[in-house]
Amino acid sequence: MDHNNSIHCNVRECRNHCESEDYCTLKEINVIKNSAKAKTVECTDCASFETK
Ligand code: SF4
């Protein structure tokens, strides 16, 4: 499957994952913070995730 070389991702549980390689297939993704003030990487999420 074609993937976006600019979006590396290892979330293979996502419907948008390439599967054969660790990349996303979307042209762009939406990244959000899950706390009022992001201070660590854990405070961020991919909001474009979709369940398979
Ligand atoms: S939508 Fe987000 S979580 Fe899903 S494959 Fe793309 S970057 Fe990864």
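## Thr 44 in strand E4

Thr 44 lies in strand E4. The model here is a predicted one. At 34% relative accessibility, Thr 44 counts as partly exposed, because that class runs between the buried limit of 20% and the exposed limit of 50%.

Which residues does Thr 44 touch, once its neighbours within four places in sequence are set aside? The contacts are Val 31, Ile 32, Lys 33 and Asn 34. Take Asn 34 as an example. Thr 44 and Asn 34 are ten residues apart in sequence. In space, their C-alpha atoms are 5.8 Å apart.

## Cys 43, one step back

Cys 43 belongs to a loop. That loop runs between strand E3 (31-33) and strand E4 (44-46). Is Cys 43 buried or exposed? Cys 43 has 14% relative accessibility, so it counts as buried. The cut-off for buried is under 20%.

Cys 43 also has contacts beyond its neighbours within four places in sequence. The partners are Ile 32, Lys 33, Asn 34, Ser 35 and Ala 38. Ile 32, Lys 33 and Asn 34 are also among the contacts of Thr 44. Ser 20 gives another view of Cys 43. The two residues are 23 positions apart along the chain. Their C-alpha atoms are separated by 28 Å.

## The whole chain

How many helices and strands does the protein chain have? There are zero helices and four strands. Along the sequence, the pattern reads β-β-β-β. The C-alpha trace spans about 35 × 20 × 15 Å along its principal axes.

The protein chain has 52 residues, and 17% of them count as buried. Cys 43 is a buried residue. The chain exposes about 4200 Å². Carbon and sulfur atoms supply 49% of that area.

## Around the ligand

Where does the ligand sit? Its place is the largest pocket. The residues around the ligand come from several parts of the sequence. Ile 7, Cys 9, Val 11, Cys 14, Asn 16 and His 17 are among them. Cys 24, Leu 26 and Ile 29 also surround the ligand. Cys 46, Ser 48 and Phe 49 belong to this shell too.

What kinds of residue make up the shell? Nine are nonpolar and three are polar. None is charged.

Terms used. Residues are numbered from 1 along each chain as its sequence is written. This is a predicted model: local features need pLDDT of at least 70, side-chain atom pairs count only at pLDDT 80 or more; totals for chains, interfaces and linings use all residues. Side-chain values use heavy atoms; hydrogens and water are left out. A residue is near a molecule or strand if one of its heavy atoms lies within 4 Å of it. On a 1 Å grid over the protein atoms alone, a cavity is a set of points where a 1.4 Å probe fits but cannot get out, and a pocket is an open set with protein on both sides within 12 Å along at least five of seven lines; lining residues have an atom within 4 Å of a point. A molecule sits in a cavity or pocket if more than half of its atoms lie within 2 Å of its grid points. Ala, Val, Leu, Ile, Met, Phe, Trp, Tyr, Cys and Pro count as nonpolar, Asp, Glu, Lys and Arg as charged, and the others, Gly among them, as polar. Helices (H or I, at least four residues) and strands (E, at least two) are DSSP runs, numbered from the N terminus. Buried means under 20% relative accessible area, exposed over 50%, partly exposed in between (1.4 Å probe, protein chains only). Accessible areas come from the Shrake-Rupley method with a 1.4 Å probe; for residues, only the protein chains shown count as cover. Contact means heavy atoms within 4.5 Å.
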